Amino acid sequence: MKISWHDLERESLENLRTLIRLDTTNPPGNERIAADFLAEELASHGIESVIRESAPTRANLVARLAGSDSSKGPLMLSSHTDVVPVERSGWTREPFSGEIADGCVWGRGSIDMKSKCAMDLAMMTAMKRAGVKPDRDVMMVAVADEEAGSDYGAKFLVERYPELVRAGYVLNEVGGFTVHLGSRRFYPIQVAEKGFVTIKMKVTAMPGHGSMPRADTAISRMSELITKIVQTPMRQKVSPFMRKTLTEMGVPVEGAGPLFQPMLANTVSPTILRAGYKDNVIPGEATVVLDGRTLPGEDPESLMAELREIVGPDPTFELIKTAPPAETSPDTPLFKLIAKTVEAADPGARAIPWMIPGATDSKFYSKLGAACYGFSPVKLDPHMPFGSLYHGNDERLPIDGFNWGLKVYADVVLKFVGVKFDDVFA
Ligand SMILES: [Zn+2]
């Protein structure tokens, strides 16, 4: 039976509010409550789902609508159900209430990314209720632990249950939101994300008594090295799509501002510094944790070689953890459909391929061969920039912008799987 579009809007907003009220702050996560809610909603419309726990309460949900052509790679609608912690003192409203005020739904996860989870749920149940058959499998995957590195979520599923989550295409978070640049509007669509390489760097020198000062100590050597690291720009490497994107935005590649630099080079940030154990002992060693981020095409070795050129032969490096970068070509039918749909829904705006300096679950799904795009559409006014809401205090989502995004998302998803909008919605 066809569904009224307005009913779907209302229902999706209510589902988003319910998801916000389920406190899945990570740590500890407790994503089971969100997975159970989604499983019940899906089941009430006749869609079975599978839940795989990576640890007690760390639940990952996968549901599937079978398509008519098994030769076509499945489309995965991907979300994570965990959220980052809140600093309550910085909030003007209750962060787990799903309260509606000033035209927005308020709460942790309203942007990142329970809104997309609600959209994914809407697409699954709408197609099922309307009785349409997509031409390829459509999967909904809602996982735990994205905000803490994905060990209990996407990484776990990809390593332990690859057949459950293997897809041809993935629509995931971080993309499709409005960026206002002067009077122009852009919709970045994530096609690439950086990898990370976390390194512990250590220097040693003669220890001694604090009453006998000298210039050359582990601490002074470490200070010099850190200064060198933060003051030495890493070599620029501009990928063809970033060059095209920056040109389109009117941003010069040479001299692109600090907002753009992380997308044009590997980066290294010192994050944890340790030395010393007693107030009158000059310590014999000092360590720093370096948060390294790699561009597509780079790996831990190439980053460490570049870092070595900056710091010289003295310090030792210990690799703590790594994850690879990921990149999907914007030259696919799905990307073109996304761009065309977004531009039609906001006349005058441009959709552009984008790289994010952080990490998402896309890097794990892409390991199984999927083309992954960050596309969680929402229209934002100039006074409500995405950057200030993402992981921020008073995270909130404009309801008009959400409804706009739901429509754009439905247009893309249905068209991509060969279903007519009018066959699903009245
Ligand atoms: Zn997220």
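This is a predicted model: local features need pLDDT of at least 70, side-chain atom pairs count only at pLDDT 80 or more; totals for chains, interfaces and linings use all residues.

Q: OK, which residues go into domain 1 and domain 2?
A: Domain 1 takes in 5-191 + 326-424, and domain 2 covers 195-238 + 262-323. Over C-alpha atoms, their centres are 37 Å apart.

Q: And how many residues does the contact take from each domain?
A: Six residues come from domain 1 and six residues from domain 2. On the domain 1 side, four are nonpolar, two are charged and no polar residues take part.

Q: Switching to helices. How do H2 and H3 cross?
A: H2 (residues 32-44) and H3 (residues 114-130) have axes that come within 9 Å and cross at roughly 20°. Angles under 35 degrees count as roughly parallel, so H2 is roughly parallel to H3. The crossing is right-handed.

Q: Which residues make that contact?
A: From H2 you have Leu-38, Glu-41 and Leu-42, and from H3 Leu-121, Met-124 and Thr-125. By class that's four nonpolar, one polar and one charged.

Q: Now the sheet with S4. What's the strand order?
A: S4-S5-S19, three strands in an open sheet with antiparallel pairing. S4 (100-101) and S19 (396-398) are the edge strands.

Q: What joins S4 to S5?
A: Two bridges, with S5 being residues 104-106. Ile-100 stands opposite Val-105 in S5.

Q: Which helix lies across S5 and S19?
A: That's H12 (residues 399-416), running at about 70° to S19.

Key. Residues are numbered from 1 along each chain as its sequence is written. Domain bounds come from an automatic or database domain assignment. Two residues are in contact if their C-beta atoms, placed from the backbone, lie within 7 Å. Ala, Val, Leu, Ile, Met, Phe, Trp, Tyr, Cys and Pro count as nonpolar, Asp, Glu, Lys and Arg as charged, and the others, Gly among them, as polar. Axes are lines fitted to C-alpha atoms, for helices over the stretch in contact, and angles run from 0 to 180 degrees between N-to-C directions. Helices (H or I, at least four residues) and strands (E, at least two) are DSSP runs, numbered from the N terminus. Angles under 35 degrees count as roughly parallel, over 145 as roughly antiparallel, 65 to 115 as roughly perpendicular and the rest as oblique. A crossing is left-handed if the near helix is turned anticlockwise from the far one by less than a right angle, and right-handed if clockwise. Two strands pair if DSSP finds at least two bridges between them.
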